[in-house]
Amino acid sequence: MSDDMVDRTRKLEETTVSNSLHEEEEERPVREKAEYEEEELHKLLVPDVSQLPPTPPSAVETNFVSYFAPDFMKPGNDQYVYRHANGLCVVGLASTHLAFKDKGGITAVDFNVGKSDRSSMKVTGKRKRNAQHFESNTALCKVCTGDDSYVVRCCVKGSLLEVNDRLIKQPELLNSSADREGYIAIIMPKPADWLKVKTSLLSLEEFKILRELC
Amino acid sequence: MSNDTEPAQVSSVAAESHAGDCDAEMQLLEGAVRPLPYHVVKELLSVGVCARCVLRLFGIEEHIYCHSSFSQSMLGSILEEETSFKSEVEFQFCSVCLGVLQFSYCDDGEETVVKKESAKDMALSIAELVKQEGHQIDGFSLEVSVPPLILENESSLLSHMKKKYESEPWFQERLLLSKCHSVKDVLKFAITKPLETLLGVKASASSFRIRLTYTHKRASKKVQNSVERNQECKRRKTGTENALHNVNDESVIADKDCSGYSTIETNSVTGIFSNGVQDQETSEHFESPIEKVSEPCHLVYVCCRTHIYLCGRYLKYSRNVSQTRWIIDEERMGEASVEEIIGSNILPICQGDNYKFHAAGREDIDVRMLGSGRPFLLEIQNARQVPSELIVKEMESKINGLENKLVGVKNLKVVGSQGWALMHEGEAEKQKQYCALVWISRPLEDEDMQTISLLNDMKILQRTPIRVLHRRSPLEREKIIHWMKIERIAGSSQYFLLHLCTQAGTYIKEFVHGDLGRTQPSVGSILGCRAEILQLDVTDVKMDCFVTE
């Protein structure tokens with residue numbers, strides 16, 4: 001038992017010792033039962049270490065299927081699309097995106113592209129009213145490096161549910177974890193639209209081979 | 001059949017009890033009937049009002065109706081003390097109660113007319129149904145519903161009587177209208193005692209309901225007719241005017257043969273469309289007040305028990321069992337559900353029709369429910385048997401003893417409808433305790449354990465997790481993590497158990513891995529590294545309900 005568990009059982013014992021003897025007599029079976037149950041519970045909780053993988057799959061790997069759009073609309077514009085079982089798509093910059101080759105990496109992100117500021121829209125309700133419908137080539141944002149700026153596009157036709165507005169204040173998230181906290185946006189495509197775009201996307205394996213990442 | 005000699009007057013009575021009882025009954029009946037004004041009773045009988053209706057319109061006390069059958073001719077002969085008064089009367093359905101108080105009705109299934117001889121016979125067929133269904137009862141509650149037509153008939157009859165007889169002395173004395181007993185009350189009174197005898201239990205406010213529903217084809221047609229006619233009224237004035245004139249021209253004396261095509265309409269119009277009965281109109285139209293009915297009411301009688309509830313706490317030991325039946329595209333998710341395991345083991349014992357499972361919150365299919373268990377309520381519909389304490393204990397043992405050990409049950413017991421309120425009381429405030437198996441991208445330090453255990457009542461902001469974003473509103477919800485404690489796992493430097501207690505509604509998985517940064521702070525951000533969750537268990541649902549006393 002770890003220190004914490006020992007502490008807790010000791011605390012339990014302490015409280016009962018302070019009671020009168022008579023009460024202690026009555027409480028002993030209760031106390032023992034509670035301890036016993038807690039021990040039994042603990043046995044269920046502790047895993048078999050030998051069964052644990054040295055590095056477990058990440059949340060993204062477990063919950064999403066990863067797709068890639070290499071050179072989307074422009075050479076070097078590699079983007080990913082993580083698709084959840086519920087149909088939602090998370091889009092972002094793949095690690096091979098040209099922007100990461102620039103010295104200093106990404107320095108700023110601007111969602112004010114096209115006709116509106118993508119970070120200002122507010123989607124409400126279960127039916128996702130007010131969500132803007134975008135095409136796969138609609139611009140989501142502009143990422144800037146020291147040397148250049150790149151337009152990031154939807155890749156998937158659908159309703160824009162959310163943009164990662166944290167990138168405005170923390171553009172460095174793209175440099176450190178573009179594949180997680182540095183995601184660009186969440187899009188909800190119609191089932192038919194997804195089937196269409198799926199054919200033009202690569203699986204993780206195919207993408208690795210293409211970019212010689214293996 | 002009676003094997004005793006009866007006084008000549010009541011030779012038409014088919015009594016089945018002892019001579020002594022019969023005599024006593026007769027005496028009571030005579031005592032009640034004799035004081036009634038003969039001419040009024042005669043008029044009522046002549047327009048087809050049945051014996052019981054006559055008595056109840058006069059407010060005769062309830063115990064009279066219990067007694068064995070008595071007919072219109074019997075009534076008449078008591079008053080006249082002769083057998084000549086309409087002795088050849090053929091049975092006809094009462095023009096007020098449409099046969100309900102004559103224990104006559106149209107059988108629902110076979111569409112045949114049934115005429116029971118007495119209240120006892122009627123009670124017999126009801127008792128048969130109860131036995132057939134296999135109900136085990138300790139009481140029953142009798143409910144009767146009658147078509148509005150009966151009330152219309154009654155009110156038009158009463159107002160006619162009031163108009164015609166209000167100056168007469170007996171009327172003043174009896175305060176006729178206020179004392180009149182309703183058809184429903186009289187029927188209930190008539191069959192309750194025999195039912196009690198047959199079923200062996202008392203009538204009380206019970207969860208076991210016996211419901212008699214009388215309907216009449218004419219009832220709805222009348223409404224329809226009058227609706228149509230009312231509309232026609234607006235369009236074709238001449239047509240309806242004629243009809244009304246006809247009625248006004250008729251003589252005052254009741255003429256049962258005049259089929260007032262239009263009077264039906266006006267009766268129902270006044271009955272339905274004017275809240276208070278317009279005495280003037282209806283009494284004038286009482287010429288052929290209530291049509292003779294050629295068919296009685298349709299009767300449907302059912303018996304059923306209102307919902308019974310079993311409450312308790314359930315445990316889920318498997319990571320492949322959903323809480324409720326979960327089917328997508330005809331394929332079941334998981335190998336079983338808590339709902340079905342508990343419901344299918346309890347329903348047959350209660351011999352109910354159906355069950356409904358309700359729980360205080362829920363956990364994912366891959367999350368175990370351990371420790372104190374989660375409060376649940378199982379609603380059983382139309383149980384034929386309410387399980388005793390002993391049987392309930394057996395149910396609990398049975399479920400806990402199932403071979404596959406997927407689900408467990410604690411503190412199972414029968415509870416009243418307050419169980420509902422108990423379970424949902426303060427649901428949003430309740431705290432839940434969890435144990436998560438966490439991996440971090442670097443070795444765990446003692447410092448980390450300190451950092452984590454120092455955080456108390458920490459507020460976090462969770463955007464709607466991506467995994468439920470498709471069906472929930474995109475919102476940012478503030479939740480509280482009450483306390484956390486890290487427990488090292490022997491043999492591993494990067495895996496550990498995280499015990500935590502949080503506010504209801506907190507998404508634990510997202511709190512650990514951060515949900516792409518949409519839950520802030522997260523375990524990862526607090527420890528400054530990547531964190532992943534492999535397993536989650538609920539170890540305590542901190543609610544006071546459904547615990548052992």
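These are my notebook entries on a predicted model.

**Ground rules**

I worked on a predicted model, where local features need pLDDT of at least 70, side-chain atom pairs count only at pLDDT 80 or more, and totals for chains, interfaces and linings use all residues. I number residues from 1 along each chain as its sequence is written, letter chains from A and number ligands from 1 in the order in which they are written, and take side-chain values from heavy atoms, with hydrogens and water left out.

**The sheet in chain A**

I began with the strands of chain A. Helices (H or I, at least four residues) and strands (E, at least two) are DSSP runs, numbered from the N terminus. Two strands pair if DSSP finds at least two bridges between them. I found 7 strands in an open sheet, in the order 7-10-11-3-2-1-12, with antiparallel pairing. Strand 7 and strand 12 (202-203) stand at the edges with a single partner strand each, so one side of each has no neighbour in the sheet.

Then I walked along part of that order. Strand 7 and strand 10 of chain A run antiparallel and are joined by 3 bridges. Here A:H133 has A:S159, in strand 10, as its bridge partner. Strand 10 in turn is joined to strand 11 of chain A by 4 bridges, again antiparallel. A:L160 stands opposite A:I187 of strand 11. Strand 11 (residues 185-188) also takes 3 bridges from strand 3 (residues 89-93), and these two run antiparallel. A:V91 is opposite A:A185 in strand 11.

I also looked up A:N164. This residue is in the loop between strand 10 and helix 4 (166-169) of chain A. Is A:N164 buried or exposed? I use buried for under 20% relative accessible area, exposed for over 50%, and partly exposed in between (1.4 Å probe, protein chains only). A:N164 is buried, at 0%. From A:N164 to A:A185 I count 21 residues in sequence, but 5.6 Å in space, C-alpha to C-alpha.

**Salt bridges**

B:R518 is buried at 2% relative accessibility. A:E162 is buried too, at 8%. I then traced a network of salt bridges that links A:E162, A:D165, B:R463, B:E476, B:D515 and B:R518.

Two further pairs went into the notebook. A:E181 and A:R180 meet in a salt bridge at 3.7 Å, N to O. A:R180 is buried, with a relative accessible area of 11%. In chain B, B:K202 bridges to B:E196, and the closest N and O atoms are 3.7 Å apart. B:K202 is exposed at 58%, whereas B:E196 is buried at 16%.

**A positive patch**

Which residues gather in a patch of positive charge on the surface? I noted A:K126, A:R127, A:R129, B:R362 and B:R471. Patch residues have over 30% relative accessible area and no salt bridge; like charges are joined within 9 Å, and nonpolar side chains (Val, Leu, Ile, Met, Phe, Trp, Tyr) within 5 Å. A:K126 is in the loop between strand 6 (116-117) and strand 7 (132-134) of chain A. A:K126 is exposed, with a relative accessible area of 54%.

**Backbone angles in chain B**

The peptide bond from B:Q520 to B:P521 is cis, with omega near -10°. B:P521 is in the loop between strand 18 and helix 19 (523-527) of chain B.

B:L98 is not a glycine, yet its phi is positive, at about 55°. B:L98 sits in the loop between helix 4 (72-80) and strand 1 (104-107) of chain B. B:L98 is buried, at 0% relative accessibility.

B:D457, also a residue other than glycine, has a positive phi near 50°. I placed B:D457 in the loop between helix 17 (446-454) and strand 15 (458-463) of chain B.

Technical notes
Areas by Shrake-Rupley, 256 points an atom, 1.4 Å probe, with all protein chains shown as cover. Salt bridge = Lys/Arg side-chain N within 4 Å of Asp/Glu carboxyl O. Lys, Arg positive; Asp, Glu negative; His and termini not counted. Charge placed at Lys NZ, Arg CZ, Asp CG, Glu CD.
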